[in-house]
Amino acid sequence: MELKDILESILFSSQKPLSTKELSDILKQAAEGDAAIAAHAKAKAAKLTAALEELAGEVEGLDRSYRLVCVAGAWQFVTQTEFAPWVRALVGVKNRPTRLSKPALETLAIIAYRQPITRAQMEEIRGVSVDGVIGTLAERELVEVVGRADGPGRPQTYGTTQMFLEYFGLRGLEELPDAEELRQVPITKPEAPVTTGEDEAEETEQLSLEEVTTAKDSDAGELAEQAATAEGADEEEEEDYDEDDFEDDDDDDEEVDGDDGEALEEASQSS
């Protein structure tokens, strides 16, 4: 019995995609109870992959309604796309899944080709904020946080998930379409914290507490001396004003009083 036929039977009966490791474990588990089928129990991953590739080519040549594909490193039989309406009616899916918007696809492409990448770097490439888009992609399980960047604040970095590979039917990221132009867009890496060198430390010497206190006392003394000088000048001006100005005012008052008396006397005589 050929290895590809055994793998076909396993995958045809499986309810989920199986990786080469899982297939190898199944072969080993089956051989434990029956020595007669232990021939393929020690098959290496490379041999399993070659058998699966051969099986996929044979199924493709039969032009059937299904085919064997490897998605996200796991193998499974899938229905051809032209038979989707009937399969959808069988499983009860009436509405098609919501398609990704253009901004979401653009951001997802940037993450896929430049991962791991920070949110700031995405915004630098796109030129707009990606907060809402990142939330949508994470909710759809197409991207996830994969680590933190080496820079100020250690911002989170994002990458694609296995669901991303399943969504687009890819074996791995190496099957992404070539996009050298996108890879060549320059992005700014986070700058390291700035540290002060020895030369800068010499140029910007700091004052000691004693020097600061002495400077403050000196400034206070100068201010007090200036205030005292200004006060003395004001007192001299006030003394000059009392001696001269008030004497003139008294003379004026006497003259005014004399004139008023004469006027009153003339008024009484006339009456």
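Let's start with where α1 meets α3: L3, K4, L7, E8 and L11 in α1 touch K47, L48, A51, L52, E54, L55 and E58 in α3. Contact here means heavy atoms within 4.5 Å. By class, that contact has seven nonpolar, no polar and five charged residues. For those classes, Ala, Val, Leu, Ile, Met, Phe, Trp, Tyr, Cys and Pro count as nonpolar, Asp, Glu, Lys and Arg as charged, and the others, Gly among them, as polar.

A quick word on what you are looking at. This is a predicted model, in which local features need pLDDT of at least 70 and side-chain atom pairs count only at pLDDT 80 or more, while totals for chains, interfaces and linings use all residues. Residues are numbered from 1 along each chain as its sequence is written, and side-chain values use heavy atoms, with hydrogens and water left out.

Back to the geometry. Two packed helices are described by the angle between their axes and the distance between the axes. The axes of α1 (residues 3-13) and α3 (residues 45-62) come within 9 Å and cross at roughly 75 degrees. That makes α1 roughly perpendicular to α3. On our scale, angles under 35 degrees are roughly parallel, over 145 roughly antiparallel, 65 to 115 roughly perpendicular, and the rest oblique. The axes are lines fitted to C-alpha atoms, for helices over the stretch in contact, and angles run from 0 to 180 degrees between N-to-C directions. Helices (H or I, at least four residues) and strands (E, at least two) are DSSP runs, numbered from the N terminus.

H40 sits in the loop between α2 (20-32) and α3, and not counting residues up to four places away in sequence, H40 touches M1, E2, L3, I6 and L27. Is H40 buried or exposed? H40 is buried, at 18% relative accessible area; the cut-offs are under 20% for buried, over 50% for exposed and partly exposed in between, with a 1.4 Å probe and protein chains only.

Next, the other helix pair. The axes of α5 (residues 102-114) and α6 (residues 119-126) come within 11 Å and cross at roughly 120 degrees, and α5 and α6 are therefore oblique to each other. From α5, P103, E106, T107, I110, I111 and R114 meet M122, I125 and R126 of α6. Those residues divide into five nonpolar, one polar and three charged. Within α5, the buried residues are A104, T107, L108, I110, I111, A112, Y113 and R114.

P116 lies in the loop between α5 and β4 (117-118).

D63, in the loop between α3 and β2 (66-71), has a positive phi near 55 degrees without being a glycine, and D63 is exposed at 68%. R154, in the loop between β5 (143-148) and β6 (156-160), has a positive phi near 45 degrees, again in a residue other than glycine; R154 is partly exposed at 41%.

Finally, which residue is 100 residues from C70 in sequence and 7.4 Å away in space, C-alpha to C-alpha? That is L170, in the loop between α8 (162-168) and α9 (180-183). L170 counts as buried, at 11% relative accessibility. Leaving aside neighbours within four places in sequence, the contacts of L170 include C70, V71 and A72.
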